[in-house]
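Thank you for asking me to look through this entry with you. Please keep the structure open while you read, and look up each residue as it is named.

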Amino acid sequence: MPDARIEQYNVPTQQSSAALEFENIKRQCPVLASTGCNADFCQSGRMLHTDEPRVGENRPIEVVMNEAEQFLREMLQGGLFSTIDECEERIRVVHAEICSNSRHGIIPGQEQLGFVGGIYYQSTQELEFGLRRSWRNARKCIMRSQHETLVLKDLRHITSSLEMANEVIKGMQEAFNKGSIRPTTFVFPARTVDQRGPMIISQQLLAFAGYKMNDGSILGDPANVQLTKDIIELGWTPPEYKTRWDLLPFVTLAENAAPAIVELPLNLQKLVQIRHPRYESAFEDLDLKWVAAPALSRLGFDIGGVQYTATPFIGWFMDAEIGVRNLADSFRYNVLPDVVKALKLEGSKDYDDMDDLPEYEKLALLSRAQAELTYAVTWSFQNAGVSISDSFTASANYIEFDDAFKAKHGYRLPSDPYWLAPPQGSIVPIWHRGGAPNYQPKPLIAKHVLNPMKAWRREKNSYSSPVRQLAPVSAKAIPNQIIAQSISVATSITTQFISNKLQGFEALMGTDSCHIAIHYCTAGTTARKLADKLHKKIAMYLAKTTSKVILHNIATLDAIEVDELGPNTLLLLVVSSTGFGDIPANGQAFYNACKLRENSTPKLNFRFSLFGNGDSRYADSYNGGALKVLEALNGIGGTSLGGSGFFDADTALEPVPTQALDRWFHALQQPYDAALGVNGQMTIHDSKGNITIPLKRGSIVDPWTLLVQQLKILTAQFVPATIVDIKRGSELPGTGSMIVTLDVGATPCVHLGCIQVLPVNSPAKVETILSLLNLDGSEWLDLSKTEAIIGITNKRFFAELVDLEAPFSDLAWISQLKIGENIPEASIDGLGSFKVLQYLQSQGLFPEYVSQEVRKNIILSMRLLTERVFSVASSAPVLRLKGSQKRTCNEVDIMVKSVANGRFSDAFLSACSLPVALQVRSIEAACTRKLTEWTGQTHMVAIATGAGFGPVRALLQRQIGLSREKSMSVFVGVKACDVSLISDVLDEAAISGIADVVDIVPSNENKLRIQDRFLEPCNRQHLKKKIEGDGALVFICSGQIQATEIIRKLDEVVDGEIRVILGERLILEVY
Ligand SMILES: Cc1cc2nc3c(=O)[nH]c(=O)nc-3n(C[C@H](O)[C@H](O)[C@H](O)COP(=O)(O)OP(=O)(O)OC[C@H]3O[C@@H](n4cnc5c(N)ncnc54)[C@H](O)[C@@H]3O)c2cc1C
Ligand SMILES: Cc1cc2nc3c(=O)[nH]c(=O)nc-3n(C[C@H](O)[C@H](O)[C@H](O)COP(=O)(O)O)c2cc1C
């Protein structure tokens, strides 16, 4: 039965004048905080009032007692006590608790020590009521009509920084509620007398980093530059490749503790890609996104005399916050001029710089861009299934709520028109409403008197425990971004499969907060693509669970900080091989770091699983790079989880060998012991399943089956081409470089990519072999009785698919020749297969008729051709477009360094007479994407040595074709004999004004190298200006040693480390 006295208490005075409204406010809001105004001055016109209430300071006991009492009476008024007596009893208890927790101390504003009011423990109901009322009283918030739905996440038992961060991260998932956001406040312990209370250093749970670049520009969110600096000061390592969308970690500061920095797990990195249904491609190009929910973290709550200093709360956005402010404000992301351009708004084509337009034109264009952007924001959030309000609806809801409140209580809630009215202005009706009375009731939401970073700086010397970081590996990686659309991805079989695996990961790691870091090393693009696919799979699962697995971004092997590897880390590695069983350049530094640490104790304790991405045609060095990495990992104490293995990546069947990747992933779950074979040998998988095969083609897998498979790869991927021209720098074989022109027929070539060539065998040698083996050449290669014929003739096999220059992989077949004589091994040791057969024949040791059995074994022991890879050194598309060259559309140049005895550059090219046929394949290079995206808007400093000039040549040709003046500065170091090869394009670039600097250093007696020239005054000044001032890209294309030297010299040119300064602006092609 409600108490009649409560009902009476609620009835407003029914008069409507301002005076009566004030009366009602005073009567119904007994505790009013300062608005910063006094009898002489009113602050209502200010965006931020000085002297606004804050949390974080001692207050006199009488103030605390009074606020507690009035708060409890407000609860009574709100119907939260069933009787007045119940309320009075609670007031008595609370007063007693306050007294017992009070003590003498400093009270701001008082000259002498005073009696400081202590805290009391609020019941959950009291706290929830207080939070809701605080929201209702927030005069800057248009969403207040929702205050009754606010959910309390009571975390008042949490006292460590790390737990604070983890609990928020855990609870956020629930509050986000798959996009249907439940406004939620996380409440940590209240502040006690003389203490600052727990604090959150992050401004928002989800916020983008803002990096001040050396040229003064800001990458990312300018609003967060200081915060980003602060978090870096605390020990956070920003991603190596910085972007404008890097999410900051969540940083907390408990009472009496050091801060904790926790990287957001992938399932919390919720971003919404901004798309527009009518300007799809323009918005795709703009690549705008925003975080899916606001989660303010530095505000506290002041409730009934209790001060809560760490209370992050999540809600949902209103469109204008993102479309009119965060992305659009000129001092934030400032994207409106880009939107005008991208949308090609009428009139936008008539100017280069928007400031050249009359102001009214500029206003019209920006207003239209603002409208479209705001529309796109709402549309994208809605389509992603993430809560958002549009300004009309939010404003209508508020007006309705405000009017109903006034009707019921006889006064309006406080409101600040500057903050409340959406920034679109008078088209949103609330704009006309103006302000309500300027007052501030308690409970309320308030800032802290202290900046948490300053607080920590003051305290830090008294702590021995360091800042805790939960991002031990790969913190440098590019932050992962989950686009909110993926939240609605239906559960698929794959996801369920992964889900099982990941639960297994957690179980295997024996910890519920394990970090998965995916790293790769690649000479091309395959390993990166595989790593990316793996990442997406795991991310897809994580986005749908509350798993505590923290998934780091993919990064190269070199990004691993060896010393940071620990028991909570699971490394998943995709390792390709290059050269002759070598580790690709972007894994070398990691390998070296492991080797340096190999003999140190204690050993590191971490787990890993390795996917060796190899090709069994490289028989002796099959997965050689992966093997080296595996040994290095074992050497520093890593433990291989089940499934590590070498795979024969069958890129003929799939461009990226994902089936093999899936099998590896599947095997990851197997216990460690089972995954290792006897004697700790790795399980080795072929591309069809988990069959163990030896490193060499041979015993266990049927060799014919393997050969068929390998031939399929070769024949499926390589196409015929013709070399039509070779320009040599020097006639001496094995010295200098060549420009080799290929006619690739109808094959489309990846622009700024690579060409793989198979140097076929000379027709004379093929004829000799065919005759030795008693073959006509036109018959099908007879691979096995059981294997279907794959349509390869013997002639084609010996001409295009085996390498007659390479030694046999084994010579067991010689004993089957039944020639009755021992062959001195030394005489054939190291000889290529052709030469071995020729020798045997010349010595009369080869029978006139070989049996089918012997022939098959000879074939099986021959090595298949392996490709050589060269960067495309011409830019046919642009040249064709300009019609300035006589080139045909299917010609492409490569610049080839002549290597003594090199299979292609020497053996093949020296012996051939033009035109000559061979097999080629066009592939993407690691830097193709970056190079094609760059068209000259920003300057490029290109530095190349030797045949590394190839891709620079292609870029120069493209810039010449596009007439992009002063878009490049070019530095080249070449052999003296090669200057003539490169000078034509460099001359043209200089004459046409494409390159503002062309500096060539031919090899010389003084051993002056191109990088030494960087330190000469005019180059130094130029490079410094371009790199630090103009934001130029730097493209380095050279061998590994030269690249290291070039980078070292650039370090001397700029202020700081060139890699750090350049970030994503550094494009490296090292071979
Ligand atoms: C992405 C990429 C792009 C490249 N672009 C270019 C380019 O534009 N221009 C360029 O000139 N190069 C380029 N290279 C390097 C080039 O692919 C290699 O140097 C290639 O091996 C050269 O082929 P070759 O026939 O001249 O020599 P190869 O026959 O491949 O011999 C190369 C070296 O290896 C040695 N060698 C040969 N067989 C063996 C063996 N079985 N075991 C151990 N060592 C052996 C040789 O003696 C020689 O020193 C690129 C490499 C990559 C990965
Ligand atoms: C120049 C070159 C050398 C290679 N050397 C090896 C090798 O020694 N062992 C091996 O297993 N695979 C070797 N491969 C095959 C690669 O492992 C295979 O092409 C792989 O898919 C490349 O992946 P990536 O694009 O990530 O570099 C070589 C490939 C090239 C082009």
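This is a predicted model: local features need pLDDT of at least 70, side-chain atom pairs count only at pLDDT 80 or more; totals for chains, interfaces and linings use all residues.

1. Begin with ligand 1, which is surrounded by 17 residues.

2. Which residues place an N or O atom beside an oxygen atom of ligand 1? One of them is R868, where an N or O atom of the side chain is 2.9 Å from an oxygen atom of the ligand. In S871 it is a backbone N or O atom that lies 3.0 Å from a ligand oxygen atom, whereas in S905 a polar side-chain atom lies 2.5 Å from an oxygen atom of ligand 1. As for the surface of the ligand, ligand 1 taken alone exposes 970 Å², and the protein buries 67% of that area.

3. The largest share comes from β35, which supplies four residues.

4. Turning to the helices, two packed helices are described by the angle between their axes and by the distance between those axes. For α3 (residues 61-77) and α5 (residues 124-136), the axes come within 11 Å and cross at roughly 90 degrees. Angles of 65 to 115 degrees count as roughly perpendicular, and α3 and α5 are therefore roughly perpendicular to each other. On the α3 side the contact is made by F71, L72, E74 and M75, while α5 brings Q125, E126, F129, G130, R133 and R136. By class, this contact of α3 with α5 holds four nonpolar, two polar and four charged residues.

5. The second pair is α32 (residues 1017-1029) with α33 (residues 1040-1053), whose axes come within 10 Å and cross at roughly 85 degrees. These two helices, α32 and α33, are therefore also roughly perpendicular to each other. Their contact is made by R1020, L1023, K1024 and I1027 of α32 together with L1050, E1052 and V1053 of α33. Sorted by class, the contact of α32 with α33 has four nonpolar and three charged residues, and no polar ones.

Methods. Residues are numbered from 1 along each chain as its sequence is written. Chains are lettered from A and ligands numbered from 1 in the order in which they are written. Side-chain values use heavy atoms; hydrogens and water are left out. A residue is near a molecule or strand if one of its heavy atoms lies within 4 Å of it. A polar contact is a pair of N or O atoms within 3.5 Å; within protein, one must be able to donate a hydrogen and the other to accept it, and residues adjacent in sequence count only if both atoms are side-chain atoms. Accessible areas come from the Shrake-Rupley method with a 1.4 Å probe; for residues, only the protein chains shown count as cover. Axes are lines fitted to C-alpha atoms, for helices over the stretch in contact, and angles run from 0 to 180 degrees between N-to-C directions. Angles under 35 degrees count as roughly parallel, over 145 as roughly antiparallel, 65 to 115 as roughly perpendicular and the rest as oblique. Contact means heavy atoms within 4.5 Å. Ala, Val, Leu, Ile, Met, Phe, Trp, Tyr, Cys and Pro count as nonpolar, Asp, Glu, Lys and Arg as charged, and the others, Gly among them, as polar.
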